[in-house]
Amino acid sequence: MGIDIIGVGLIYVLSFFLFSFVNGRELELARTGVQMLERRSTAELKGEKFHFFNVRSFGAQADGHTDDRNAFLKAWNEACGSTGKVELLIPKGTYLIGPIRFAGPCRNVSSITVLMKGYLKATKNLSEYESSSGWIEFRWMEDLNLTGGGTLDGQGFEAWPYNKCPVSANCKLLPTSLKFIGTNRTVVRNITSLNSKFFHIALVNCKDFKGSQMNISAPGNSPNTDGIHVERSSNVHISRSFIGSGDDCISVGQGNSHITIAGIICGPGHGISVGSLGKYPNEKDVNGLLVKDSIIIGTTNGVRIKTWANSPNSSEAANMTFKNIIMINVNNPIIIDQTYCPFISCSLEAPSRVKLSNIYFKNIRGTSSSAVAVTLKCSQGNPCQNIYLHDVHLDLSSGNQHSTSSCTNVRAKYSGTQIPPPCD
């Protein structure tokens with residue numbers, strides 16, 4: 001049966017190709033048709049059902065001016081309501097898209113692949129977006145794959161002046177470009193995200209997420225454009241990606257467990273951070289973080305743990321390792337800051353109630369643009385426990401003098417090379 005499908009399908013594709021004006025779009029459709037048939041035949045020979053959907057078949061114009069979100073939703077609803085293995089294709093082309101939610105569960109679908117080859121542009125009218133929502137959201141589904149080499153352009157330049165969050169706690173949150181909520185076994189690979197209005201990618205209540213080969217970029221002065229933010233999620237693996245933004249390259253928020261970050265090139269931005277933690281009531285603990293084999297370039301921080309003073313509740317962040325990391329001209333290469341305050345002033349009536357313990361900094365080397373290369377500023381009310389530094393070598397970028405360390409409310413343990421020298 002699979003061979004018959006290939007034969008008939010190839011005749012159809014070739015007929016379409018021969019009797020059309022052969023331009024780039026038609027050639028792309030022809031190639032896509034052949035690839036689809038190859039994947040479909042493989043699945044069907046294995047006895048699996050395979051269904052293919054193309055947003056162009058549902059009316060997407062791909063002209064860069066017409067809002068194609070309704071066509072995308074129609075294609076998604078058909079794909080999610082299908083059975084077996086499903087692929088949703090976004091062919092090459094430029095698509096203007098307003099805020100859109102791809103929601104599950106897709107009950108009879110064993111896996112769904114969104115093959116994004118196109119260039120997607122976000123609409124600029126901020127009144128279309130709900131506060132703290134996503135531009136593109138995937139919700140409540142399992143076995144989702146997002147790949148294809150396409151681009152998400154948040155068109156954030158015109159939105160950034162309206163972002164008051166860097167100076168006010170009571171601000172309206174602008175939309176995150178790509179948001180995953182309550183997804184299980186998600187794979188994101190080979191996509192680009194540019195100039196998000198707020199965060200580029202956010203994970204909330206997700207399990208078993210793998211992200212790799214991502215290219216995330218925004219100017220260093222763009223506000224709150226975190227590359228990837230993770231919150232209340234578990235078994236997350238982020239690797240082999242380039243991330244440059246106006247905020248944290250990756251931020252690990254509250255309620256996370258078993259997070260691995262590897263092979264990241266970070267910069268510009270604020271580095272790779274845990275937190276901020278301890279700002280809101282009823283925050284959950286963070287347990288189990290590994291950051292390794294990465295390069296951080298020209299950022300305002302390197303690897304950082306940040307918690308607020310005057311925390312409303314107690315919580316913990318423990319069992320975290322940062323190892324095999326190269327710093328190049330980084331301000332604050334290693335920093336624990338338990339009096340974090342991004343505003344002009346913050347309440348310091350009570351020390352941070354976030355307890356930090358079992359934290360390891362191993363084989364971290366390179367250059368610091370700040371005189372103090374290692375800062376361990378722990379909470380007076382909850383002094384840090386079991387902080388280890390092994391083989392740290394951070395010279396000053398200027399080369400004029402030696403870097404130093406600063407420690408408060410902590411007795412760290414040192415081994416191997418220690419430049420700067422340990423705190424007294």
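Predicted model: local features only at pLDDT ≥ 70, side-chain atom pairs only at ≥ 80, totals over all residues.
By pLDDT I mean the predictor's confidence in each residue, from 0 to 100, and by contact I mean heavy atoms within 4.5 Å. Residues 41-45 also have a pLDDT below 50, and this stretch has five contacts in the model beyond near neighbours in sequence. For the protein as a whole, the mean pLDDT is 91, with 89% of the residues reaching 70 or more.

Residues are numbered from 1 along each chain as its sequence is written, and side-chain values use heavy atoms, with hydrogens and water left out.

Now to the overall picture. The protein has three helices and 28 strands, where helices (H or I, at least four residues) and strands (E, at least two) are DSSP runs numbered from the N terminus. Of its 424 residues, 51% are buried, a word that stands for under 20% relative accessible area, with exposed meaning over 50% and partly exposed the range in between, using a 1.4 Å probe and protein chains only. If we take the contacts between residues at least 6 apart in sequence, 78% of them join residues at least 24 apart.

That brings me to the aromatic side chains, for which a search of the whole structure finds 12 pairs. Rings of Phe, Tyr and Trp (its six-membered ring) pair if their centres lie within 6.5 Å, and planes under 30 degrees apart count as stacked, over 60 as edge-to-face and the rest as tilted.

Take Phe72 and Tyr95, whose ring centres are 5.4 Å apart with planes at 75°, so this pair is edge-to-face. Because Phe72 belongs to helix α3 (residues 69-80) and Tyr95 to strand β4 (residues 94-97), the pair ties together parts 23 residues apart in sequence. Both Phe72 and Tyr95 are buried.

Trp308 is buried at 9% relative accessibility, and Phe343 is buried at 17%.

Finally, Trp76, Phe102, Phe138, Phe180 and Phe209 form one aromatic cluster.
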